[in-house]
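Subject: Structure handover

Hello,

The structure you asked about is below. My notes on it follow.

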Amino acid sequence: MIDQLKLKLASHGIDTSTLTPLDEIISENNKHAPIYTLSVDLDNAVPLWQQLRVLRDEFGYSPVILGDEKSLVRHRQGRENAESPTTYLEDARKCDTPSWFQEQWEGLFDDDSFTEDDIRGDWDTEVKPYTKLNLSHLHLNPMPIQYIGFLAATVNADLPAYLPFGGWNACPTPDEHVSIQHYWHTLYQTEIVAMLSDTLVCYVGNPVKEREAALTLARQHMDYCEDRVTQGMGTLDALASALINSSYWTFWWD
């Protein structure tokens, strides 16, 4: 399989000299789908992803930025006791995403002393939309070499099931990620660009444009990743104003 991928990449002028398997975790029942990685300079990771994403159908693999060597170590560890992609995808189909958002939202306010009013704040009319992704902004000390992974998912929103990604700390489980990513793709044409050790980045093809819709989306972002508000924008309204016309969303779970 790797030889076929090398040939297809090379036919588009892409250097395949560093293409290798992420790991050798292919169990007897073959529950883990193979993942291949290609090293790339930090500044070239996003442009290369943009080139590769339109070739997904031709390659039969979906590209995603996996981060630096430390991120790869965590991804390998996460595969050791993971379920198969098929299991996560089956569980994702059972998930009612709007109901999931509602349950998470209600859970934020179990304590009557904390209400939505405490996180509202003022609308930020000066905030600029996030229209360009710079990986350097996602790392405190970015490494010069990053890795692009080739996962055997034919649908971008299924990527968390194939890595897999999530299920630690407050991060949603792989099946929850898949369900939510499909939901957002339908509404906003999102695509997963990167899954680093604790960070997920989405490209947004159809950004939200209206204030009320942005507030609804900001609530969903907080359900998905509470730190978007509590350790990020500070208030729900500040996050909502930043989402309008933004081409990228970044989530992190520490």
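Where is the place of valine 178? Valine 178 lies in helix 8. This is a predicted model, and helix 8, residues 174-188, is where confidence in the chain is highest, at a mean pLDDT of 98. The lowest confidence is in helix 10, residues 227-233, at a mean of 88. For the chain, the mean pLDDT is 91, and 96% of the residues reach 70 or more.

Back to valine 178. Its relative accessible area is 2%, so valine 178 counts as buried, the cut-off being under 20%. Leaving out residues up to four places away in sequence, valine 178 touches Leu89, Ala92, Ala157, Asp158, Pro160 and Ala161. Isoleucine 192 is 14 residues from valine 178 along the chain, and the C-alpha atoms of the two are separated by 10 Å.

Serine 71 is another buried position, with a relative accessible area of 4%. Serine 71 sits in helix 4, residues 69-79. Its contacts, again not counting residues up to four places away in sequence, are Leu66, Leu196 and Ser197.

Last, a helix pair. At what angle do helix 6 and helix 9 pack? Helix 6 (residues 97-108) and helix 9 (residues 211-224) meet at about 75°, with their axes 9 Å apart. An angle from 65 to 115 degrees counts as roughly perpendicular, which is why helix 6 is described that way relative to helix 9. On the helix 6 side, the residues in contact are Trp100, Phe101, Gln104, Trp105 and Leu108. On the helix 9 side, they are Arg219, Gln220, Met222, Asp223 and Tyr224. By type, the residues of this contact divide into 6 nonpolar, 2 polar and 2 charged.

Regards

Note on methods: Residues numbered from 1 in each chain as written. Predicted model: local features only at pLDDT ≥ 70, side-chain atom pairs only at ≥ 80, totals over all residues. Heavy atoms only, no water. pLDDT = per-residue confidence, 0-100. Helix = DSSP H or I, 4+ residues; strand = E, 2+ residues; numbered from the N terminus. Axes fitted to C-alpha atoms, helices over the stretch in contact; angles between N-to-C directions. Parallel < 35°, antiparallel > 145°, perpendicular 65-115°, else oblique. Contact = heavy atoms within 4.5 Å. Nonpolar A, V, L, I, M, F, W, Y, C, P; charged D, E, K, R; others polar. Buried < 20%, exposed > 50% of the residue type's maximum accessible area, 1.4 Å probe, protein only.
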